[in-house]
Amino acid sequence: MKGKKNSKVFILVFLGMLTAFGPFVTDMYLPTLPAMSEYFHTTSSMVQLGLTASMIGLAAGQLLFGPLSDKYGRRLPLIISMILFAVATIGCIYSYTIMQFVGWRLIQGIAGAGGIISRSVAADKYSGRELAKMLALIGAINGVAPVAAPMGGGFLAGSVGWTGIFWCLFVLGIILLLGSIHFEESLPVEDRKEKSWRSVFRSFIDVLRNSSYVCYTLQFGFAQGVLFANIASAPFIMQQHCGFSPLMFSICFGINAIFIVISAASAIKFRRQEQALHYGSTRMVVVSALLLVALVLDCNFWIYELLLIGLLSMLGLTFTASNTLTMDCEHNNAGMASALLGALEFAFGGIVSPLVGLGYIMVSTGIIFLKGSICSYVCTRYALHRNLKTVCQRS
């Protein structure tokens with residue numbers, strides 16, 4: 001592989017696809033869940049176990065591929081994960097029972113977790129403002145992919161069914177496998193963790209001792225919780241409360257995703273990412289408080305939509321900032337740092353998503369928005385206070 005140089009365009013596209021991979025694995029087939037319950041002659045709750053299994057796999061797999069990428073480089077774990085993903089996807093397509101399907105979905109989720117190596121590659125190749133620009137892309141995709149995946153699945157469901165969607169995922173996996181083979185290793189041999197497995201996993205403790213890293217990671221997790229609360233609640237609020245058709249709902253969902261992209265990209269205009277994080281997390285609290293009041297009062301669509309756009313815009317801003325600051329904190333353990341960040345993302349998403357359905361969805365969604373925003377703000381304040389204190393001590 002020596003002498004091969006990847007272009008910046010290839011790196012940009014490749015990392016973007018890797019970032020979107022996890023959300024597409026979990027969410028793309030969601031519109032076909034009712035059809036799958038008929039196909040497997042089972043209940044909807046049993047079919048939803050496939051979603052739970054994939055999220056567990058994605059969270060656990062990141063804790064596997066993070067250390068692997070620090071010890072063996074980024075390229076080899078990527079190739080292994082994509083081969084495993086292709087095999088698991090074929091297993092899903094040809095499953096005879098729902099439990100076979102759930103088992104393959106767990107393996108598919110573990111394999112799909114290889115996509116988190118994208119953050120490690122960015123940290124290997126860039127630092128400072130260049131890293132912020134690259135992670136602005138990753139942050140934008142992190143915000144948009146969970147929204148875009150079910151939209152894409154919805155458009156495909158009527159023509160190709162659930163098996164067709166899984167064939168699309170299989171093709172995506174093969175494309176990423178070819179990209180992984182073409183990818184030039186970004187972590188030099190001399191920078192790898194040439195230690196025993198026990199020592200490699202001990203780096204988990206080293207990373208968790210970095211209080212700034214922990215705070216930025218928790219901020220990202222709570223912000224992701226707010227995003228997943230929106231993803232889980234929006235179909236019910238827009239279609240049942242506001243009376244929208246599935247098509248109109250998809251259009252609104254797409255418009256909201258655009259605002260996440262724009263705000264995530266605009267984070268690099270701040271002189272320092274700490275400023276972007278403080279700006280976004282502070283305003284998240286304000287907007288989510290207004291949203292809670294509006295939802296409790298059964299507001300009309302336009303009030304809900306305008307406030308939601310404001311909240312999602314602030315989320316996008318914090319995604320870029322927290323990704324950048326998190327990976328900047330742990331250049332020496334980039335694979336481990338990225339693994340923990342990604343695992344927390346899906347853990348928060350898996351915990352929060354069912355909570356919006358408890359009680360009256362308008363009220364429960366507003367409460368989760370506000371609680372998640374407040375927790376995000378507290379983590380931001382603590383991290384920035386710790387950093388300021390460290391700078392003063394060095395002075």
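**Exercise 1. How many residues does helix α5 have, and what does it reach from its first C-alpha to its last?**

Before starting, note that this is a predicted model, in which local features need pLDDT of at least 70, side-chain atom pairs count only at pLDDT 80 or more, and totals for chains, interfaces and linings use all residues. Residues are numbered from 1 along each chain as its sequence is written, and side-chain values use heavy atoms, leaving out hydrogens and water.

*Solution.* 
- Helices are DSSP runs (H or I, at least four residues), as are strands (E, at least two), numbered from the N terminus.
- Helix α5 covers residues 98–112, which is 15 residues.

**Exercise 2. Describe how helices α1 and α4 pack.**

*Solution.* 
- Two packed helices are described by the angle between their axes and the distance between the axes.
- Axes are lines fitted to C-alpha atoms over the stretch in contact, with angles from 0 to 180 degrees between N-to-C directions.
- Helix α1 (residues 8–27) and helix α4 (residues 75–93) have an angle of about 40° and axes 14 Å apart.
- The pair is therefore oblique, as angles under 35 degrees count as roughly parallel, over 145 as roughly antiparallel, 65 to 115 as roughly perpendicular and the rest as oblique.
- On the α1 side, Phe14, Leu18, Phe21 and Val25 meet Leu78, Met82 and Phe85 of α4 (contact: heavy atoms within 4.5 Å).
- The residues of this contact of α1 with α4 divide into seven nonpolar, no polar and no charged.

**Exercise 3. Is Val207 buried or exposed, and what is it in contact with?**

*Solution.* 
- Val207 is found in helix α8 (residues 197–208).
- Val207 has a relative accessible area of 0%, so this residue is buried.
- Leaving aside neighbours within four places in sequence, Val207 is in contact with Tyr213, Val214, Glu330, Asn333, Met336 and Leu340.
- Val207 and Ala337 lie 130 residues apart in sequence, yet 6.7 Å apart in space, C-alpha to C-alpha.

**Exercise 4. What share of the 395 residues in the protein do buried residues make up?**

*Solution.* 
- Buried residues make up 56%.
- The protein has 14 helices and zero strands.
- Of the contacts with a separation of 6 or more, 85% come from residues 24 or more positions apart.

Conventions:
The expected span of a helix is 1.5 Å times one less than its number of residues. Ala, Val, Leu, Ile, Met, Phe, Trp, Tyr, Cys and Pro count as nonpolar, Asp, Glu, Lys and Arg as charged, and the others, Gly among them, as polar. Buried means under 20% relative accessible area, exposed over 50%, partly exposed in between (1.4 Å probe, protein chains only).
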